[in-house]
Amino acid sequence: MATKIKPTDEFRDHISTVDDQGKRVWVYPRKPKGKLYNYRKYVSYLLLALLFAGPFIKVNGLPLLMLNIVERKFVIFGVLFWPQDFFILVVAFLTLVVFIILFTVVYGRIFCGWVCPQTIFLEMVFRRIEYAIEGDYTKQKALDKMPWNTEKILKKGSKTAVFLLISFIISNLFLAYVIGIDELQKVITEGPFNHMIGFGSLLGFTGVFYWVFASFREQVCTIVCPYGRLQGVMQDKKTVVVAYDYGRGEPRGKLRKNQERTEGDCIDCNQCVQVCPTGIDIRNGAQQLECINCTACIDACNDIMRMIDKPEGLIRYESEEAIEKGTKWTFFTNRVMGYTAVLVILLTALTTLLLTRDEAEATILRTPGQLYQKTEQGHIKNLYNISVINKTNHDMPLTLKLIGKDGSIKVVGNELVLPAQGIVEGVFFTELAKEELTGMNSEIEIGVYHGNELITTTETKFLGPAS
């Protein structure tokens, strides 16, 4: 019977990729293989396909996703949002945050290992190219230590060229999600001199992506990413993580031929450490800062367990509480139900806001410095400025009508035509009979119509005589 020895917390005093002198320890992970790694590849290729197809997919003539911070125009799932819709974006952001918290509380950092773009590009694109050019981890170490010769120049040079090319492609993809695929095509086809800012952005982002994936690598997860820093706060002992079953594995001991084994199932082969992309030892304990739940250690350990005729699952997806008590994890906890209730409320509020959202938004203000005018019929006229924002992808000729009062509106100049995804401004007179007024500042409501369809309403003040 193996003695249950829980790992110490000494490993939490330092980061695995920094030595005692504070210098970076370069991680050379062994090329992973196994069932879970194959599943990760399928998921990654699917997500990469969706990511690269995204800018070309349009819904109602609008991109599937565009975050144009420069023009303050955002498109999410084909729905156009302007700064005036900021409150909807806030609710959507809060909903996303609560969903992330709920997901993390239950499933830990599975997002980091399976879905995060940083992990997918690094592990499934750049490192696979590195393995193809330089070989597995032992050959990479030897290549870095050898003096510069023809072999090293060819391998390092070709890897750098391929990395730069992919970084440039990713940079184009990133810019497509910011300015839209149509604008990006203009930057590419019309030449860099006609779009210096756009071309400069492409080169700048190319440099950033190359540096991240060729040099900075796993430090994004351990140093930069706020989610990695916060995951320890959001998780508890009931959270499912990649965990080592120390009750079954300890005490560790090497496997010796023709000798009765008295130690635990862990034969201290260090295969789980060699495949870790962040350089940690999963046996130190669950919920390590550097662990991204990529499951490479699970595949490596299961492979060894099969070789020595031991049950798989010495390292597996499990909660810390279940490992400690020797039970199975439970999904429905008080925290999960509480977060779920908040998430349902936020989703209901967000859905209501989206369903009741107007296709256009108008701002109507009395023209500054203008007093009311009296007509020959004794009616009162006020001059107004109007600005209308189009939240759709089609032009809309507009008509203005008074709601709830007997009067007329006359637009000054040309007819108001609201361009797709654009803004139209104009000036108009509103005329009311004196009997319709309730004082010097009467409330009036003006409807903005597209044909016979009321697309939005707005209230404003109507200035009249005191009595």
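In the predicted model described here, Thr399 stands opposite Tyr449 in strand β16, where helices (H or I, at least four residues) and strands (E, at least two) are DSSP runs, numbered from the N terminus. Residues are numbered from 1 along each chain as its sequence is written. Because the model is predicted, local features need pLDDT of at least 70 and side-chain atom pairs count only at pLDDT 80 or more, whereas totals for chains, interfaces and linings use all residues, and side-chain values use heavy atoms, with hydrogens and water left out.

Strands β12 and β16 (residues 441-450) run antiparallel and are joined by 5 bridges, two strands being taken as paired if DSSP finds at least two bridges between them. They belong to an open sheet of 3 strands in the order β12-β16-β17, with antiparallel pairing. The edges are taken by β12 (399-403) and β17 (453-463), each of which has a single partner strand, so that one side of each is left without a neighbour in the sheet. On average, and with direction ignored, neighbouring strands of this sheet are turned by 30 degrees against each other, the axes being lines fitted to C-alpha atoms, for helices over the stretch in contact, with angles that run from 0 to 180 degrees between N-to-C directions.

Helix α13 (residues 296-307) has 12 residues and reaches 17 Å from its first C-alpha to its last, close to the 16 Å expected at 1.5 Å a residue, a span defined as 1.5 Å times one less than the number of residues. Of the 12 residues of α13, 9 are buried, so the helix is largely enclosed by the rest of the structure; buried means under 20% relative accessible area, exposed over 50%, and partly exposed in between (1.4 Å probe, protein chains only). Among the elements against which these buried residues pack are α1 (35-53), β6 (240-244) and β7 (315-319). Just after α13, Asp309 takes a positive phi of about 60 degrees.

Gln140 lies in helix α5 (residues 137-145) and, at 5% relative accessibility, counts as buried. Its side chain reaches the backbone oxygen of Gly135 at 2.9 Å. With neighbours within four places in sequence left aside, Gln140 is in contact (heavy atoms within 4.5 Å) with Tyr28, Glu130, Tyr131, Glu134 and Gly135.

The mean pLDDT of the protein chain, that is, the predictor's confidence in each residue, from 0 to 100, is 87, and 96% of its residues reach 70 or more. Over residues 1-7, pLDDT stays under 50.

Conventions
A polar contact is a pair of N or O atoms within 3.5 Å; within protein, one must be able to donate a hydrogen and the other to accept it, and residues adjacent in sequence count only if both atoms are side-chain atoms.
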